[in-house]
Amino acid sequence: MNDGIKNEYAIIEEINMKKYYQLREHWKIIIKIIFPFIKDDDLLRAFSFNDKHAKSDIYIAYKGLKKYVSIKTGTNPSIHQEYYYDFFKFLERNGLDKKIIKIIYFYHFGITNKLSNNGLPFTKDEIVDKYKKYIIFANQEINKNKDLIKRVINRAVIQGNNTERQIIDYFYYRNNEKGYLLTKNDIYRMVLKEKKEDDKFIHFGGLIYQPSGRKVGSRDRNYSRIKWPILSVKFYINEII
């Protein structure tokens, strides 16, 4: 059992089969946001949401109401992974110019028809050091398209790449002892508001793009990964809690 699943079970244990008045103060605050009209004697239930393709990790219920929550922890949490070709096609369908997608492909694989590296893929450091003008250009084009970023947020954080899956109602960062809760509106606001450097990595607002792995021949190299590092920063500086 990985640490993420252990964390989900610990949070479920904090909530499940507890009346509201029995919760620790931290969870009283969180649950009151989710269920504003809950009373002291109301019973809560919490369960794992067993769908590996959905963004929800658990759901919390009371009086027939269910709310779906995505949970992340760690210092640089990964929030999304999918086959690179599917992600690139998604970007193309949503209006991103093919020349920008080619730059993302170069950043991802270190390969391009126009540049030679003695038959070897360029490393990330080589790409950023020698060809940062392409990274800057791609980021400028990506990040002036707010509609595209909103669609990336929906795909990476809220619903995933299957529109038939359950969307999340809330996003919780950290663990059963301490953390903070985000609404969907909070998620959009945070990602769109955050400013990232344009010359170090590909980003969609505050979401960082990278391959799941860069080793030639590895399965991970064929997958796109999106991370959201600001989550841990805001936790440690107590900005949202």
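## Overall picture

In this predicted model, residues 24 or more positions apart account for 62% of the contacts in the protein with a separation of 6 or more, where contact means heavy atoms within 4.5 Å. The secondary structure comes to nine helices and 10 strands; helices (H or I, at least four residues) and strands (E, at least two) are DSSP runs, numbered from the N terminus. The C-alpha trace spans about 70 × 35 × 35 Å along its principal axes. Of the 241 residues in the protein, 46% are buried, a term that stands for under 20% relative accessible area, with exposed being over 50% and partly exposed in between (1.4 Å probe, protein chains only).

Residues are numbered from 1 along each chain as its sequence is written, and side-chain values use heavy atoms, with hydrogens and water left out. As the model is predicted, local features need pLDDT of at least 70 and side-chain atom pairs count only at pLDDT 80 or more, while totals for chains, interfaces and linings use all residues.

Four strands form an open sheet in the order E5-E10-E9-E8, with antiparallel pairing; two strands count as paired if DSSP finds at least two bridges between them. At the edges are strand E5 (78–83) and E8, each of which pairs on one side only. E9 and strand E10 (residues 223–227) run antiparallel and are joined by four bridges, and Gln210 stands opposite Arg225 in E10.

Helix H3 lies across E5, E8, E9 and E10, and runs at about 95° to E5, while H7 also packs on the sheet, touching E5, E8, E9 and E10, with a direction that makes about 95° with that of E5. For these angles, axes are lines fitted to C-alpha atoms, for helices over the stretch in contact, and the values run from 0 to 180 degrees between N-to-C directions.

Ser224 is found in strand E10 and counts as buried because its relative accessible area is 2%. By contrast, the C-alpha atoms of Ser224 and Lys67 are separated by 29 Å, the two residues being 157 apart along the chain.

## Aromatic rings

A search of the whole structure finds 24 aromatic pairs; rings of Phe, Tyr and Trp (its six-membered ring) pair if their centres lie within 6.5 Å, and planes under 30 degrees apart count as stacked, over 60 as edge-to-face and the rest as tilted. Phe87 and Tyr209 form a stacked pair, at 5.8 Å centre to centre and 15° between the planes. This pair links distant parts of the chain, with Phe87 in helix H3 (residues 84–93) and Tyr209 in strand E9 (residues 207–211), 122 residues apart. Phe87 counts as buried because its relative accessibility is 1%, and Tyr209 counts as buried because its value is 0%. Both residues belong to one aromatic cluster, whose members also include Tyr83, Phe109 and Tyr223.

Charged groups also lie over rings, which here means that NZ of Lys or CZ of Arg is within 6 Å of the ring centre and within 35 degrees of the ring normal. Lys32 lies over the face of Tyr20, at 5.7 Å from the ring centre, and the charged end of Arg214 sits over the ring of Tyr107, 5.1 Å from its centre.

## Helix H8

In helix H8 (residues 184–193), the buried residues are Ile187, Met190 and Val191. These residues are on the same side of H8 because they cover an arc of only 90° around the axis, the arc being that of the directions from the helix axis to the C-beta atoms. Asn185 and Lys193, on the other side of H8, are exposed. The cover over the buried residues of H8 includes helix H7 (146–158), strand E6 (170–174) and helix H9 (230–236).

## Two loop residues with positive phi

Most residues other than glycine have a negative phi. Lys63, however, has a positive phi near 50°; this residue is in the loop between E3 and strand E4 (65–72), and is exposed, with a relative accessible area of 65%. Asn118 has a positive phi of about 55° although it is not a glycine, lies in the loop between helix H4 (98–109) and helix H5 (124–130), and is exposed at a relative accessible area of 74%.
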